[in-house]
Amino acid sequence: MKQLDNIKHIAYLKLGQHRGTRRLWMQGQKLEDAGFEPGSRYRITRDPDSNTLNIEITEDGARTVSKKRVGKKEIPVVDINNKVLAEMFNKSVERVCAVVTDKSIIIAIHPDDEAAAERYGRLIAKLHNNEPLAIGSVSHGGGIMDNALHQGLASSGVDARLAYAVEIEHKYLEASLRNNEVWDERSISVCAPMEEVDPRLLPKIDIYAGGIPCTGASRSGKAKNKIAHAEEHESAGALFLAFLTIMKQGNPSVVVLENVPDYRHTQSMTVIRSALKQLKYQVHETILDGAEHGALEARKRFCMVAVTEGLEFNWERLRPIRKKEARLGDVLDAIEDTDGMWRTYAYLDKKATRDKAAGKGFKQQLVTPDSTSVGTIGRGYQKGRSTEPFLASPTDPGKKRLLTPKEHARVKTIPEHLVEGLSNTIAHEILGQSVIHSAFVATGILIGNTLLDAYDDMDASDASKLTGREVPEIVMEFGEPEKPRKRRAPH
């Protein structure tokens, strides 16, 4: 809606139903202030450019302001229940914004409903025209999750491109720019803290994906920072606000959020759920288990997928894309016994002795080529911490080594080329903060099939309204829901 002068009142109203059509009811002081007195005449016109209804007081108007007695006073009533209202506000529009000025009222779609209609129409138009969907990424890291989602979408038959990626660490963003195939000539890299990003500089997107740093949400993070709640963390506590601000400007049809499992119980997540529902998204949550998705690393991640109204997402349709290797040895490099990677790590042995004497639950995690899984490997793996996996030497009981970056990538099912050419420290940092790649490929496939289902279920007239192009009446046979699909050809 364009900027207006002399605004007296603004009211956000819910559309009703009367005798099978839409109904808008207004009454009271706001009408009196605008000159809508009982018995005065008004007309209704539609402005197709701004997609608004204009209600104006005029002597030759075809309608009359009604009245209603409240106590001893008669108050004006404007009751609109006609075809014009139904034509302008379809059944998906639940709310409108009424701007009251002098002798006129302008009725526009509620901004949240308008945003929902815009993103859904944009999505369907792109699917119809075989245009790649735009993905916006925050807390991008080395782009591991983005790479997986792109791969999953492509496997389902949906093309996608990276519109922008936001990452605070220059070294991670550089690694992604160098190694990650999700970038194209139009992608925008944003090296900045999430909360400092100006969303107005970023384009509209169809899928919004990212995480919120878990330094205040994980159990170890709370213990290290001596906080009881994630929101108390000095730098990460309020990042959910930036996450939502950037998301709202991009107006995506799908929102993907990942974090540690404990994040689902935070107040931050409570606010995110509430905000998304207010903005007309349906929120779906699960815990993705690495072992169930073919990874040797037993990492679990909380994942939320929120979809705009009109899309039907169901986690029960998620299917693993690979089987886990039988043993760790299947992904290990051949490292000679004399290699300097095999070390004694005496400080860890001493710590283990102290922890055991103190009755602490911490102990070294030693694995062998015959191990069928490894524990979670975190961001600081290169530091050689006691609770993360070490490979025990097969020839010297006193020595052990860390996994190489490529081995680390393999236990997370991450394509090795994404950390190619990086130092061990940076590679392990990127990998340690990343997701299980195969789990998010599967998630990308599910999202892609969800989008195609919505498009396939539309009849030609509905699709034409949203895309602005005639869609032929074609019925096509598709395979199983989780397999790659074909889209209806543009006409």
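This is a predicted model: local features need pLDDT of at least 70, side-chain atom pairs count only at pLDDT 80 or more; totals for chains, interfaces and linings use all residues.
Biologist: How far apart are the end C-alpha atoms of helix α8, and what span should its residues give?
Modeller: Helix α8 covers residues 267-278, which is 12 residues. At 1.5 Å a residue, they should span 16 Å. That agrees with the distance between the end C-alpha atoms, 17 Å.

Biologist: Are the buried residues of α8 on the same side or on opposite sides?
Modeller: The buried residues are S268, M269, I272, R273 and L276. They cover an arc of only 135 degrees around the axis, so they lie on the same side of α8. Residues three or four places apart in an α-helix point the same way, because a turn takes 3.6 residues. Q267 and K277 are exposed on the other side.

Biologist: What covers the buried residues of α8?
Modeller: The cover includes one helix, α7 (239-250). It also includes the strands β15 (254-259), β16 (281-289) and β17 (300-308).

Biologist: Why is strand β10 largely enclosed?
Modeller: β10 spans residues 104-109. Strand β5 pairs with β10 in the antiparallel sense over five bridges, and β9 joins β10 through six, also antiparallel. The strand is largely enclosed by the rest of the structure because six of its six residues are buried.

Biologist: Which residue in the turn between β9 and β10 has a positive phi?
Modeller: β9 and β10 form a hairpin with two residues between them. The phi of about 65 degrees belongs to K103.

Terms used:
Residues are numbered from 1 along each chain as its sequence is written. Side-chain values use heavy atoms; hydrogens and water are left out. Helices (H or I, at least four residues) and strands (E, at least two) are DSSP runs, numbered from the N terminus. The expected span of a helix is 1.5 Å times one less than its number of residues. Buried means under 20% relative accessible area, exposed over 50%, partly exposed in between (1.4 Å probe, protein chains only). The arc is that of the directions from the helix axis to the C-beta atoms. Contact means heavy atoms within 4.5 Å. Two strands pair if DSSP finds at least two bridges between them.
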